[in-house]
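I opened my notebook on a new model today. I wanted a record of what I looked up, topic by topic.

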There are 2 protein chains.
Amino acid sequence: MKRPSQVDVAKLAGVSRATVSYVINDQTNGSIPISEETRQRVLDAIAELGYVPDASAQALRLGSTKTIGLIIPDIHNPHFWQVADGVEQEADIAGYHILLSSIPPEKKFAEDVFKNLSNRRIDGLVMIPSFIYQSDEAQKTLAQLVKRRFPIVGMMGDQGDKYQKIDRVISDYRDITAEVMQHLFSLGHKRIGIIYGIDVPNLGTDRLFVYKESLQAAGLPIDQSLIIECGPTIEDSYHATKKLLDLSSRPTAVLAINDLLAVGALRAIKDFGLDVPRDISLFGYDDMPMSKFLVPRLSTASKDGEKIGREAIGLLLARLNDPELPPQEVRLPARLILRESTGPAPE
Amino acid sequence: MKRPSQVDVAKLAGVSRATVSYVINDQTNGSIPISEETRQRVLDAIAELGYVPDASAQALRLGSTKTIGLIIPDIHNPHFWQVADGVEQEADIAGYHILLSSIPPEKKFAEDVFKNLSNRRIDGLVMIPSFIYQSDEAQKTLAQLVKRRFPIVGMMGDQGDKYQKIDRVISDYRDITAEVMQHLFSLGHKRIGIIYGIDVPNLGTDRLFVYKESLQAAGLPIDQSLIIECGPTIEDSYHATKKLLDLSSRPTAVLAINDLLAVGALRAIKDFGLDVPRDISLFGYDDMPMSKFLVPRLSTASKDGEKIGREAIGLLLARLNDPELPPQEVRLPARLILRESTGPAPE
DNA sequence: TTGTATGCGTTATCAT
DNA sequence: ATGATAACGCATACAA
């Protein structure tokens, strides 16, 4: 049982292929009217054969695949799901499909994926370009795509003058982290640990940088033993937190690089026999959906991933619509969400 | 700046288009050898122009898009992401891309998506076919795809004689739920609530059915007030649990339809001033990554979503390789994972 | 060893 | 109102 093509439909309906095409694309309004009877006959034939237009052929002819590529760094992090969710929703409304690629960091194939996605298999690309930073190859590919005016939207932190040539949704934790630190200081915290669990360099620097900066501005020392680098899983954060707790002079507050890792930290603190926030304050990032239901409810800073995703698609659609547009930029602020996991420093 | 095509490459290298094609597809081994010098010239031209083959044209020519469609019911549930993760990993190894569609249940477009995915935009389809059950239209489309021998793999519970014509990875919570109930009974629980938070009918019936069955087999009454239907979000489950707790004779154990909802239940119970597992035992499903880090660590039953995803791709690749294969079936058992959230019934 | 010709399924332009 | 035909970019059988 072979796939029916337009020819088969035309044959069955006793008309030419062009007629079929007209009926499908419903040009009945303006220029090329089709007799109602013929129309019905074609429609019947289509229904009978279960004819569905071939997307490859359409894409080749029209130069559009109605598909948007999406690259996210880590499929396990709820924040990125939220972004993907926003992207998917907004794209769907406009009739676009999503071609998803997460980039497992073990793989050296970042460039591969990136390149593959640009084979005109997609009309445009929306990405969290973490992998770009560490791959010269990817940088080059990006440059080429930009030169060719391939529609790309980056969802990223503020990179200064870099990447000004592509559309971008800018949202990072720079400013909000300063607020977080102030909040912690005002609560009397002086020793603040940070669980820096990131597999991709550069993805958490906004937080780490301001963490150090704030410490210095407050005249507090930067203690390297309070900065624990680890992997991106809850398990990693669990062990990282243990290290922090084993310190002879342990921190009174802990910053987890995201809420997921905060869950691991929370567990480790409990297992150590300490209480949050009585003995240790805990702060996360991303406000994942369950954060406000944790025990204790997690204080966190949030970027609204869904909105980032939606805005990104908005930008992309605008560019698809008008390739001559100057590079667009949307800035989305982060919010501070104070809940139960932060409190005054002990004694 | 236009996209370069094979013709441009050929022109620049001073050869014919076919030669370019040969070089790319590296037929240098067997039948059609190319002089090393020509080869190099073509390669240089490709590099200079940054030529990348057009996927649409290739797809049209070869009849393969190297893309696999994936349909999951709810993008917010970690279990489905684990499935997606497995699918992505395994597909990537074989050089396939993933076209993801989640099916927001509010939308009546399930059939649309489904149909669209079959436009030969994809070589095969891997799905959790929850939406099928409620849509005649989708049923019809499926039947047609099956008749046309379009490669489809379903990841589903045991549906008896239905859907025997497609390849499937069968995994449900039927048997394991019987064990769960036995476990609860042996702990002395007699009043067991169930948070049935599912947006798609039929997706949680394996659990609900056996829940009732076990109750009856144990000579216990089926109390409808202990069965709370609600939406699929943590918030929904939070409120559902409250209802359970407000009962004049409240349950001593609660079954949440998945771990995500268990988080909401846990919160509600805490807010009610009760303790898990001392006052109420809590049981979830899916063993999402963070379940073992919750406070208390969550007892749960797990289907190993990642493996389901990997097996599904395995099945699909096998079929792609040999369309004449009889329908395959892989069964994956669920595991019982006893942690801290279940304990003896109070007094 | 390389070039020519054809077809994949569409859509769009031009005749009829 | 409808039918023929060209193009989209690629891979390949065949000719040279």
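The entries below go from conventions to chains, DNA, helix packing and backbone.

**Conventions**

I am working with a predicted model, in which local features need pLDDT of at least 70, side-chain atom pairs count only at pLDDT 80 or more, and totals for chains, interfaces and linings use all residues. Residues are numbered from 1 along each chain as its sequence is written, while chains are lettered from A and ligands numbered from 1 in the order in which they are written.

I take helices (H or I, at least four residues) and strands (E, at least two) as DSSP runs, numbered from the N terminus.

**Chain A against chain B**

I looked up how the two copies are related. A rotation of 180° with 0.1 Å of shift along its axis puts chain A on chain B, at an RMSD of 0.1 Å.

Next I looked up the interface. I found 43 residues of chain A in contact with 43 residues of chain B. Contact here needs C-beta atoms, placed from the backbone, within 7 Å. On the chain A side, the elements giving two or more residues are H4, H5 (78–93), strand S2 (97–102), H7 (136–147), H10 (234–246) and H11 (259–271). That side divides into 21 nonpolar, 10 polar and 12 charged residues. For the classes, Ala, Val, Leu, Ile, Met, Phe, Trp, Tyr, Cys and Pro count as nonpolar, Asp, Glu, Lys and Arg as charged, and the others, Gly among them, as polar.

**The DNA strands**

H2 and H4 (55–62) of chain A, with H2 (17–25) and H4 (55–62) of chain B, each supply at least two residues here. H4(A) gives the largest share of this surface, five residues. By class I noted 12 nonpolar, nine polar and five charged.

I then turned to DNA strand D. It is surrounded by 26 residues, with Ser16(A), Ala18(A), Ser5(B), Gln6(B) and Ala18(B) the closest. Two or more residues come from each of H2 and H4 of chain A and H2 and H4 of chain B. The classes here are 13 nonpolar, nine polar and four charged.

**Helix packing**

I checked H2 (17–24) against H3 (36–49) in chain A. Their axes come within 10 Å and cross at roughly 90°. That makes H2(A) roughly perpendicular to H3(A). Axes are lines fitted to C-alpha atoms, for helices over the stretch in contact, and angles run from 0 to 180 degrees between N-to-C directions. Angles under 35 degrees count as roughly parallel, over 145 as roughly antiparallel, 65 to 115 as roughly perpendicular and the rest as oblique. Thr19(A), Val20(A) and Val23(A) of H2(A) meet Thr38(A), Arg39(A), Val42(A) and Leu43(A) of H3(A). This contact has four nonpolar, two polar and one charged residues.

H8 (174–186) and H9 (205–217) of chain A have axes within 9 Å, crossing at roughly 40°. H8(A) and H9(A) are therefore oblique to each other. In H8(A), Arg174(A), Thr177(A), Ala178(A) and Met181(A) meet Asp206(A), Arg207(A), Val210(A), Tyr211(A) and Ser214(A) in H9(A). I noted four nonpolar, two polar and three charged residues in this contact.

In chain B, H5 (78–93) and H12 (305–321) pack at about 40°, with axes 6 Å apart. H5(B) and H12(B) are therefore oblique to each other.

**Backbone**

Most residues other than glycine have a negative phi, and most peptide bonds are trans. I looked for exceptions. A cis peptide bond joins Val276(A) and Pro277(A), with omega about 5°. Pro277(A) sits in the loop between H11 and strand S9 (281–285) of chain A. In chain B, Val276(B) and Pro277(B) are joined by a cis peptide bond, with omega about 5°. Arg149(B) has a positive phi, near 60°. Arg149(B) lies in the loop between H7 (136–147) and strand S4 (152–156) of chain B.

Methods:
Contact = placed C-beta atoms within 7 Å. Near = placed C-beta within 6 Å. Least-squares fit on C-alpha atoms with pLDDT ≥ 70 in both.
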